[in-house]
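Please keep the sequence and the 3D view at hand while reading.

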Amino acid sequence: MTFVYKGYGGSYLRVNLTTRQINKFPLANEWVENFLGGNGIGTKILWDEVPEIASPLGPDNKLIIATGPLCGSPMPNSGRVEFIAKSPLTGIYGDANAGGQFGPELKSAGYDVIIFEGQSDEPVYLDIHDDDVALRSAEELWGLGTFEAEARLQAIHKDSRLKTALIGPAGENLVRFAGIQVSYRRSAARCGLGAVMGSKKLKGVAVRGTKGIAFSCPQELEELSLEMHKKLRQNEFFAGIHQFGTSGLVALMQPIGRFPTQNFRLGHFEGFEAISGEVLREEHLVKDIACFNCPLGCDKMYSVISGEFAGCRISSVEYETLNALGARVCNRNLPALLKANEICDDLGLDTISAGNTIAFAMELADFGIWNANELNGLDLSWGNYHSILQLLHDMAYRQGFLGDLLADGAARAAKWLGRNADRYAMHVKGQDIPAQDGRAQQSMGLAHVTSSRGADHLKAFPTIDETGYPSEAVRRYGDQYLPELVDPLATKYKAMLVKDGEDFGAVVDSSGNCKSGGTFVMAEIYWQEQADAIAAATGMLMTSRNLRCIGERIYNLQRCYNAIHGITSADDVLPWRFTQAPSPSGNARGSVCRLDLMLPDYYAARGWNPEDGLPTQATLQRLGLDQAWKYMQQIINSGKAKIIRSQLGWAEPYTKKMVEQE
Amino acid sequence: MITVTVKLFNLLAIYAGIKTQSFDLAEGITIKQLLERMVHEYPAPFKDMIYHHEKINPHLRIFLNEHLLNESELDAALSDGDKLMLFPAIAGG
């Protein structure tokens, strides 16, 4: 079948690592018509090809790398690439997304998707130079950090423009929150997909693409893109985000009470100024940098020039990392925090899960739950940054009892340990909770439990109610939902906000543009603009209505995938701290996250069964997913789903009433 | 006389050239009046962050003792020891 649309590379690679066979196929028209690209196509392939019984670290799991129709286009912030697989951290649907330049380069070589299947018996990397595609030995790269491995590959190929997606030692050692590092120094961090690569002995992908991308209506796309670039630069949020990136949020989150501190005991961090975006820029900025075709340039290169951590050089120091390796573990030492970020990126660890897992370990130490001989001499007092750095290293290499245990993540470590450790593992569906306290922003609490990849802010990415921007809300939803929609502590209309964000987010992640610039935080690009851009790029008949349907279809299929792993409404829960212990911080003081009020609205808005929280037959039929409904029912009714659920491996989130101990 | 501490963040601190300032104020002064005074004390670009079409910029975020204020609360009188935090338009993460 000929692929008929423009704006795509037009073909995909299927790479069998067991047999070393590489096959090239035209992209399927029905894939892009129903699932668009990136996240959507990855979800479709995962559903079709990775069965519920497949082990995340076994040969039957597949790693899918996918770009979308706007990746590499003139549209602003169009450098995103998706990685999709069954997650070794959660055991359910998993994905991770990164910016940088890898995605556009892959597309320019002519490929939208790579499917890796099977397992190699020795380390390899996939070498792509336009039509020349080969698996090559990665013996000399195995064991290297991602920084050196990238440089070595560029040297081997004598090409400094080579773009890579690589794992470090953490992925090789099957750390369940190992990420994938993408050129230049961007992380597809979440869900432990680096460990999927490690299990396949796949060190990475090196790509050079020189073909370029042909668009259906290049002039129309160019005009639309220019208008979007202009609007972004005029947007009220542009200057502040350009100056500080996401690190500028550290200070703002203090009075809101949304800055997880001491493993979420608090929502504010005394002395936060020491790790704020303002200090980061003043004391450590080398230069502003940007991902592919991004006018915003929220990325920065930083360095440490003196003191114990002199020589540290690191980019993409995000709000999430400043929290996870800062406040969450009570670390006020910014150079040490930058060093921790550098270690994570080089060894290939997700900074969010790494920080959350260390915070879990520190809280256990605080309550005397560890036996002294288990700590290998480490002092796990809050804020001990030498121990933090040592633990990152130990986890990446699975060294010692503690490193090996924590390399499985807080939720699994809690299960292995027992001793009531589950009370201190802050996770949803095995996924570490990122830096949004749902007590301070109700919509974020809901977003964490409804996210298809476990706790996550980026699936729904509700931002208009962080501090409440009525003008932004009116632009998207009119004034009918004000004032509740923008009140961070209100629960009314938050189900609608989260559902819309998830559907639109699925489309953005399937298109190849970015959630941080223009699609969510700066609300210039929404359904209509995205549909117009896709139509101009591809020649597809695309309306905002079609696009909404695609977003909903993708998100529902992810829920179905989780359902065949036994996930139900019983798993849409937050740990006790968020629903039982009133926030002690700032604007959120006294507040708890009211999932009980929001979830029924959410299931209703989705057309999901209010009892089990699963998509109904009518909903899936409306989305053209009849076969998915049948298969889901078959697996659930056979009892298989329950068995798989019981083997996911993580401790259940502790949800009973608890009182904070001093 | 009362003393009020103001903390400025992000672009506001850059344009004002200062991160924290204490103000000795007459009793009864409101938040809006203090903003007006700051606009006169700090360099010109600061004003554009505070006002939009002669009204308080709707993207400005003001916290009084960690309580997020809406526009109707800006006419409230300040008290001795109050702490204000001011942010320009930022969101995300």
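## Nonpolar cores

The largest nonpolar core has 103 residues, and those touching the most other members are A:Phe360, A:Trp370, A:Leu380, A:Leu392, A:Leu406 and A:Leu446. A nonpolar core is a set of buried Ala, Val, Leu, Ile, Met, Phe, Trp, Tyr and Cys residues joined through side-chain atoms within 4.5 Å; buried means under 20% relative accessible area, exposed over 50% and partly exposed in between, with a 1.4 Å probe and protein chains only. Helix α12 (residues 334-347) of chain A gives the largest share of this core, eight residues. Helices (H or I, at least four residues) and strands (E, at least two) are DSSP runs, numbered from the N terminus. Because domain 1 (1-240 + 438-662) and domain 2 (241-431) of chain A both give residues to this core, it lies between them.

With residues up to four places away in sequence left out, A:Leu380 touches A:Ala361, A:Met362, A:Ala365, A:Trp370, A:Leu375, A:Ser387, A:Leu391 and A:Leu402. A second, separate core of 80 residues includes A:Met75, A:Leu232, A:Phe520 and A:Leu614.

## Basis of the model

This is a predicted model, in which local features need pLDDT of at least 70 and side-chain atom pairs count only at pLDDT 80 or more, while totals for chains, interfaces and linings use all residues. Residues are numbered from 1 along each chain as its sequence is written, chains are lettered from A and ligands numbered from 1 in the order in which they are written, and side-chain values use heavy atoms, with hydrogens and water left out.

## Domains of chain A

The domain assignment divides chain A into domain 1 (1-240 + 438-662) and domain 2 (241-431); the bounds come from an automatic or database domain assignment. Taken over C-alpha atoms, the centres of the two domains are separated by 23 Å. Domain 1 puts 90 residues into the contact and domain 2 puts in 69 residues, where contact means heavy atoms within 4.5 Å.

## Cavities

The count comes to eight cavities of 30 Å³ or more. On a 1 Å grid over the protein atoms alone, a cavity is a set of points where a 1.4 Å probe fits but cannot get out, and a pocket is an open set with protein on both sides within 12 Å along at least five of seven lines; lining residues have an atom within 4 Å of a point. Grid points are joined across faces, edges and corners, and a volume is the space filled by probe spheres set on the points.

The largest cavity has a volume of about 840 Å³. Its lining has 47 residues, and A:Arg80, A:Arg186, A:Ser187, A:Glu318 and A:Leu458 lie nearest its centre. Strand β5 of chain A gives the most to this lining, with four residues, and at least three residues are drawn from each of domain 1 and domain 2 of chain A. The lining divides into 15 nonpolar, 16 polar and 16 charged residues. Here Ala, Val, Leu, Ile, Met, Phe, Trp, Tyr, Cys and Pro count as nonpolar, Asp, Glu, Lys and Arg as charged, and the others, Gly among them, as polar.

The second largest cavity holds about 120 Å³ of space. Among its 14 lining residues, A:Phe461, A:Arg476, A:Tyr477, A:Leu497 and A:Phe520 lie nearest the centre. Helices α18 and α19 (494-511) of chain A each supply at least two residues of this lining, which by class has nine nonpolar, two polar and three charged residues.

## The largest pocket

The largest pocket has a volume of about 550 Å³. Of its 23 lining residues, A:Gly468, B:Arg61, B:Leu69, B:Asn70 and B:Glu71 are the closest to its centre. At least two lining residues come from each of α18 (470-477) of chain A and β5 (61-64) and β6 (67-68) of chain B.

## Local backbone features

The peptide bond from A:Ser183 to A:Tyr184 is cis, with omega near -10°, and A:Tyr184 lies in the loop between β10 (180-182) and β11 of chain A. The bond from A:Leu482 to A:Pro483 is cis, with omega near 5°; A:Pro483 is in the loop between α18 and α19 of chain A.

B:Asn65 is not a glycine, yet has a positive phi of about 50°. B:Asn65 lies in the loop between β5 and β6 of chain B and is partly exposed, with a relative accessible area of 42%.
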